[in-house]
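Please look over the model below before reading these notes.

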Amino acid sequence: MDVSVFGTGYVGLIQAAALADVGHRVLCVDIDPGKIRQLQQAVPPISEPGLGSALEENIKAGRLLFSTQASDAVEHGELIFIAVGTPADEDGSADISHVLSVARQIANAMEANRTLIIKSTVPVGTADKVMACAEEELARRGKPYLSVRVVSNPEFLKEGSALADCMRPDRIIIGTADEEARAQLTELYAPFCRNREKLMFMDSRSAELTKYAANAMLATRISFMNELANLTEQLGADIEAVRRGIGSDPRIGYHFIYPGCGFGGSCLPKDLRALLHTAEHNGMPLRLLRSVTEVNDDQRHILLRKLKPYFPAGLAGKKIALWGLAFKPNTDDMREAPSRYLMESLWQEGATVHAFDPESMSECRRLYGYRDDLHLCATRDDTLEDADALVICTEWKNFRVVDFEMLASKLRAKVVIDGRNLYNPQQAADAGLHYRGIGLRHVMPEGPAV
Ligand code: NAD
């Protein structure tokens, strides 16, 4: 099928690559000419496993095209995905102005019927607004005989495994009452449903809410575990034991019950704020979700809180090694990453950060530029040279094994604050380290306290 995609971010680009990979002819547009130039050369603007080769193969095969012209996309695609950003407004609500502007652009250029598929995460009622916007534009052009169909088709990919998630989705939610649109999407997604039916049809409002509900549930599990981990420390228990104990219950399961330094990324915090706003706006405040965000806001500062007592004279002039900048492994995305809250607080305290991340170094440079209190190091272990303490923010695979003796010999204060519970506290203490995780039982190293 001929498909167009507006927006070549994580969602639009990955969706486009997945659709091209199964044989659809896909044209992507973006307002960022630099990104489009890069993509035309098959250079991925984001770091996602498998994306580079998918771009190369599908561009070579002529199934994946890129343009900055909205009119190219409107002409090319009978089906048009809208995958542009929906950032949080000042009041927490999702800003859907980019989505509506794309809908207007499509209606303004279309000369044949088009089906608009909303991939962006949008508040309940947006599909209706997109329809109204497009119809208004068509009427203004004197072409009310052209028809627009609008489908809500939220995306559930996970950054870090985005292409694999799109190629093998758990479910494909399709919100529409339109029979023709239903048939079109069934044909479009047939290659992704070969082993079992994955399409779930519903009304557009329920589809829109399903996306927010999924993220709200995931965030709730994380905040629940974080709060419990903080209590665990007070009680002298061990959250890792508790996690294994409850995760083995099939009604609970192991997913999203890892305690840590707070959830971040471009979705959970933003989507929670938007859902809270929707609920309040409709006179039905969600008390539980309000607490989930409050717990997370607090948890973002836990690493600094754990670090400070080891430096009673303050952190000014201290050199802190930082492992992990991305909000989670296998991505370079630093939007609302815990590392950013930590770095910014450390700078306020007068400390210098020596950081390493396998993928996010250029993103970090783009965000913070060159400054005296930020050193981006070539390797994980380079951050340790003359460092006073080490803090871990992201659970990258190559942080999992470490030589504790080496850490103890390098770190002046022998302090390791681990926001991801990667290590065994006893082993770290045996090497003389002051090792603090999240909800782990504290084992004091032998010898004088720092
Ligand atoms: P992004 O910011 O990475 O990408 C958005 C892209 O849209 C940018 O390249 C921007 O230049 C482009 N754009 C903006 N206005 C445009 C226009 N008028 N025409 C063409 N292009 C335009 O965003 P993202 O992370 O891909 O997220 C997109 C949407 O999907 C958001 O609503 C987000 O909440 C949702 N979502 C994101 C994820 C995720 O993991 N990133 C997962 C599921 C859903």
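1. Domain bounds here come from an automatic or database domain assignment. For the protein chain, that assignment gives domain 1 (2–202), domain 2 (212–299) and domain 3 (302–436). The centres of domain 1 and domain 3, taken over C-alpha atoms, are 38 Å apart.

2. This is a predicted model, in which local features need pLDDT of at least 70 and side-chain atom pairs count only at pLDDT 80 or more, while totals for chains, interfaces and linings use all residues. Residues are numbered from 1 along each chain as its sequence is written, and side-chain values use heavy atoms, with hydrogens and water left out.

3. The size of an interface is often given as the accessible area lost when the parts come together. Buried area is that loss for two parts, summed over both, with a 1.4 Å probe. Between domain 1 and domain 3 about 590 Å² is buried, and carbon and sulfur atoms give 36% of this. On the domain 1 side, Tyr10, Ser47 and Glu159 supply 75% of the area buried against domain 3, more than any other three residues.

4. A salt bridge is a side-chain nitrogen of Lys or Arg within 4 Å of a carboxyl oxygen of Asp or Glu. The count between domain 1 and domain 3 is 1. Arg335 forms a salt bridge with Glu159, and their closest N and O atoms are 3.7 Å apart.

5. Which residues are closest to the ligand? They are Asp30, Lys35, Thr86, Glu159 and Lys270, among 25 residues that surround the ligand (a residue counts if one of its heavy atoms lies within 4 Å).

6. A polar side-chain atom of Lys270 lies 2.7 Å from a ligand oxygen, and one of Arg335 lies 3.1 Å from a ligand oxygen. For Tyr10, a polar backbone atom is 3.0 Å from an oxygen atom of the ligand.

Terms used. A polar contact is a pair of N or O atoms within 3.5 Å; within protein, one must be able to donate a hydrogen and the other to accept it, and residues adjacent in sequence count only if both atoms are side-chain atoms.
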